[in-house]
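Student: Please take a close look at one chain of this model, at how that chain is divided and at what its parts touch.

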Amino acid sequence: MTAAVEVLDATPAKAIEGRSPFVLAIRRLRRDKVAMISLGVILLIVLMAIFAPVFASVTGHPPNEQFRDIGLTPDGLPRGPNGTFWLGTDDLGRDILVRIAYGARVSLLVGVIATAITVAIGVVLGLAAGFLGGIVDTVLARLIDVVLSVPFLLVAIALVSVTGPSLTVTVMVIGFFSWASVARIVRGQVLSLREREFVEAARSLGAGDTRIMFVDVLPNVLAPVIVYTTLLIPVVIVTQATLSFLGLGLPPPTADWGGMISSSQNYYTTSWWFILFPGIALLITTLAFNLFGDGVRDAFDPRADRLR
Amino acid sequence: MAVFLLRRLGHGILVLWLITLAVFGLFFVAPSNVAQTLAGRQATPETIALIKHRLGLDLPIWKQYLHFVENAVQGNLGYDYYHQVAVTTIIGQALPVTVSLALGASVLWLLLGVFNGVISAVHPRSLADRGLTLFALFFYSFPSFLLGLLLLYFLYFRLTLAGYTWFPAGGYSPFSQGPVTWLQHMVLPWLALALLLAATYTRLTRGSMLDVLGEDYIRTARSKGIRERRVIVRHGLRSALTPVVTQFGIDLGQLVGGVVVTETVFSLPGLGKTAVTAINQQDLPVIIGIVLFASAAVVVANILVDVVYAVLDPRVRLH
């Protein structure tokens, strides 16, 4: 008996850690080079948004100031990239670089807030529908069907044109029409989870519905929700830019990327930089979020695409 | 099967009815000055009241709604405020444009997506796989208006400057007035839509193909000495396509009301652009008609997808 213990002690084996699936997923994610590079790019964009005023003070060009004398050619056309305006000017003689930096604020803000609202509503309603069942599920399931059947962009445009464009309206419209897909995913998972033994165990310990839903069931649907959330952010950013492009973004003169691209449309024959730089900013942002989201999906989904 | 169909149909009608309620509530509660616009600037209050009366806007909202539902059930979606054209006629004129766009684009993105997905799955982790995945994600990340504008810039503007007037700047030319002009007008919008949507299909085909190629019957087929190409296409792809078909149906249904941006960028007078014009003019009957029509397309597509799914995969039981 003692000998056996000594043998065990003699091997300086690493202690066996219990690692949660979450920790394992984060580990896998950190080994994913593409995902980490994308995360770096995202952080750079965040820094650009935070320090947008620095861009303005270094160049000496406030985002909404129109330099009609030095920022426009004698014909009144935008000026190309030069020593004063590094990325050129727009149709009103404003500095495109500074406006891109300020535009990042809008994209990121809407991307994060609208996604958060969408996921919060979707998770709560999906949990309720899947777990409570009965009449609650019937009503919510039909509601999900309705929201998913409506042509989102059309109704969004119609709504914004009725209420008038603003940041709040954009966020609300996106949140209101996007929660349903989150709710559907969560509901599907919860429908099978609620039959499992751990729910019965919790119930026999005297836990109520609310407690079981949020303390016992919720952690089990977290992985798909995290994956969906990361992939939803770029979709939301594109939606916001699309609304702006259609003239329903933020009221001018606020700088945002979709609006900049929209106003560049009449100048693409003469001023390529006017569409190119805001376009690149938007594309790099969505691409970085998508590549990162792709990595998150591979890291969190233990089954799919392990071959990568 | 019949019971399943009836129940799904019932659900579909319920969903459409709820949508009419929601849309009606949203737009008719909002203040509208259509009568004012129509009457002109110097209109007397009497003229405005008369116009309101003619358009039925002076009735209480629930009466307007009942009136609308009563007509809708008989296939009449009302008349537009400005020219008194039937909304069904307006939809009928716009639909061929949207259908041209959706069908052409869907052929392109299916070919592109499925082909790339199969290549990726047959050589997983290879250079080709990584390259195709990146290619797909790159276009997937494009906002559709940006991709459309870039295509216009390079393939219309630059190419025309260089002396090749292959593609017009936009607009629509009906198929009946010459297939070649029709094609020239449609290629760029098709590309803009297909490149964007192919990504989903590459990923879907790759995933499902990888699953299928790991199945026992694929090993059986190989061990029987069947050529690899045949194993992949006949045995593998055939069952791997089921989720692709499902997604395809859902996407097609949503395209009916979802190509707003592509139609706007390329000035195609389809359902999306017509709806946007109607929204700008507060032409409520047209907005409601198109929203309802597009929703119906989604509902019908979803039911069809379920049926096709059961036909393709005999293991699926409908209930």
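Tutor: In this predicted model, chain B is divided into two domains, with domain 1 spanning 2–73 and domain 2 made up of 93–213 + 241–312. The C-alpha centres of domain 1 of chain B and domain 2 of chain B are 31 Å apart, and the contact between these domains takes 12 residues from domain 1 of chain B and 11 residues from domain 2 of chain B. On the side of domain 1 of chain B that touches domain 2 of chain B, α1(B) gives the most, with 10 residues; sorted by class, that side of domain 1 of chain B has eight nonpolar, three polar and one charged residues.

As for confidence, chain B has an average pLDDT of 84, and 94% of the residues score at least 70. Among the elements of chain B, the highest mean pLDDT, 91, belongs to helix α5 (residues 87–122) of chain B, and the lowest, 69, to helix α2 (residues 34–39) of chain B. Where pLDDT is low, predicted coordinates should not be read in detail. For the complex, the predictor gives an ipTM of 0.84 and a pTM of 0.87.

Terms used:
Residues are numbered from 1 along each chain as its sequence is written. Chains are lettered from A and ligands numbered from 1 in the order in which they are written. This is a predicted model: local features need pLDDT of at least 70, side-chain atom pairs count only at pLDDT 80 or more; totals for chains, interfaces and linings use all residues. Domain bounds come from an automatic or database domain assignment. Two residues are in contact if their C-beta atoms, placed from the backbone, lie within 7 Å. Helices (H or I, at least four residues) and strands (E, at least two) are DSSP runs, numbered from the N terminus. Ala, Val, Leu, Ile, Met, Phe, Trp, Tyr, Cys and Pro count as nonpolar, Asp, Glu, Lys and Arg as charged, and the others, Gly among them, as polar. pLDDT is the predictor's confidence in each residue, from 0 to 100.
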